[in-house]
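Good morning, and thank you for making the time. I would ask you to keep the sequence and the model in view while I speak.

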Amino acid sequence: MSDTVTETRSTEDVSRRLLESAAKLSYDPAVEVDWDAPLAPGLHGLNPEWSTLYGTALWDRMSEEQRVTLTRHEVASIMSTGIWFEMILQQMVLREQYGKNPGTSEFQFALTEVADECRHSIMFARACQKMGIAAYSPKRSVLELGRLFKSLAVAEVAYASILVAEEVLDLMQRDAMRGENVLPLVRTTSRIHVVEESRHMRFARAEVRDRLRDAGPARRATSAVSVALVAYFIVTSMVNEDVYTAAGLDAREAVKAARGNEHHAAMMRSGAANLVKFLGEVGLLTRPAMSVYRRINLI
Ligand SMILES: [Fe+2]
Ligand SMILES: [Fe+2]
């Protein structure tokens, strides 16, 4: 019992520190991003090494112009998936805090996170618009699954799913913000996102630990699979298959090349190492969950 109290306080402590950090360093993308700057023709949408085709024979056959077009559509698709999941997570966070004590740092940080996500989604929407790319959407079935999930997911399933989505986006954006051959628009939006999301990830970790403290093995096993399935739908929805057609490629050939791309799989695995370690620590890396993570190259 005393352990529970200490740990609850520590979640509150985490939130208090995160609120202080947010007060010191948060961004308003409306003024932080140079929305009027023209797009330099030769610059990529994301680091070419992060393209789903980089390292394949198909990539070698593409013209530089096609590669630039592809990476811009890939980043627009990733941003669109970001908007989709941010809308899901805002609703889950609000539901989790409904009726809770507004006087706690936990409550106040949770609402700070919702405000961050609201600005992020507008920022991603404007970035796609600026690149002249119509928003991509997950498949209809995934969109409907998301609608159901956001209304039902609670506690560790909600927060661990949020964490997975944030970690997966983060691993690409950390490289994008430093990429010299990446559009300044993408570099700036990535930097803003990386800074603010690092707080969200710390919060999500604290919440997951908290919610799982008294969970028995059956609940842990169910939650582990639920989170892994969410990860599956997020990762497989990141890059819409239409990006290949937009770059003048044969979609079927490109999808096949992307699926067999060992280079991209290795990039995903190395970036997800921290996330996987955390899931293991909190007992969410059960055997069935691991087999899902392996399929999407997070393990
Ligand atoms: Fe975000
Ligand atoms: Fe976030």
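This is a predicted model: local features need pLDDT of at least 70, side-chain atom pairs count only at pLDDT 80 or more; totals for chains, interfaces and linings use all residues.

In sequence, the donor residues of the iron ion (ligand 2) are spaced E-x48-E-x30-E-x2-H. The pair Glu-117 in helix α5 (residues 105-130) and Glu-197 in helix α8 links distant parts of the chain, 80 residues apart. Residues are numbered from 1 along each chain as its sequence is written, chains are lettered from A and ligands numbered from 1 in the order in which they are written, and side-chain values use heavy atoms, with hydrogens and water left out.

A word on terms. Donors are N, O and S atoms within 2.8 Å of the metal (3.2 Å for Na, K and Ca); water is not among the atoms, so sites may look incomplete. Helices are DSSP runs (H or I, at least four residues), numbered from the N terminus.

Which atoms coordinate the iron ion (ligand 2)? They are Glu-117 (OE), Glu-166 (OE), Glu-197 (OE), Glu-197 (OE) and His-200 (ND1), at 1.8 to 2.6 Å.

Glu-86 is buried at 4%, Glu-197 is buried at 2%, and Glu-117 is buried at 0%.

**Other residues of helix α8**

Contact here means heavy atoms within 4.5 Å. Glu-196 is in helix α8 and is buried, with a relative accessible area of 0%. Leaving out residues up to four places away in sequence, Glu-196 touches Ser-26, Tyr-27, Asp-116, Arg-119 and His-120. Ser-190 also belongs to helix α8 and is buried at 3% relative accessibility. With the same exclusion of residues up to four places away, Ser-190 touches Gln-173, Ala-176 and Met-177.

In helix α12 (residues 262-271), His-264, Ala-265, Met-267 and Met-268 are buried. Seen down the axis of α12, the buried residues fall within an arc of 160° (taken from the directions from the helix axis to the C-beta atoms), so they line one face of the helix. On the other side of α12, Glu-262 and Ser-270 are exposed. The cover over the buried residues of α12 includes α7 (155-176) and α9 (217-237).

Finally, the axes of α9 and helix α14 (residues 287-295), lines fitted to C-alpha atoms over the stretch in contact, with angles running from 0 to 180 degrees between N-to-C directions, come within 8 Å and cross at roughly 10°. Helices α9 and α14 are therefore roughly parallel to each other, a term for angles under 35 degrees. Among the residues making the contact are Ala-224 and Tyr-232 of α9 and Pro-288 and Arg-295 of α14.

Definitions and conventions
Buried means under 20% relative accessible area, exposed over 50%, partly exposed in between (1.4 Å probe, protein chains only). Helices (H or I, at least four residues) and strands (E, at least two) are DSSP runs, numbered from the N terminus. Angles under 35 degrees count as roughly parallel, over 145 as roughly antiparallel, 65 to 115 as roughly perpendicular and the rest as oblique.
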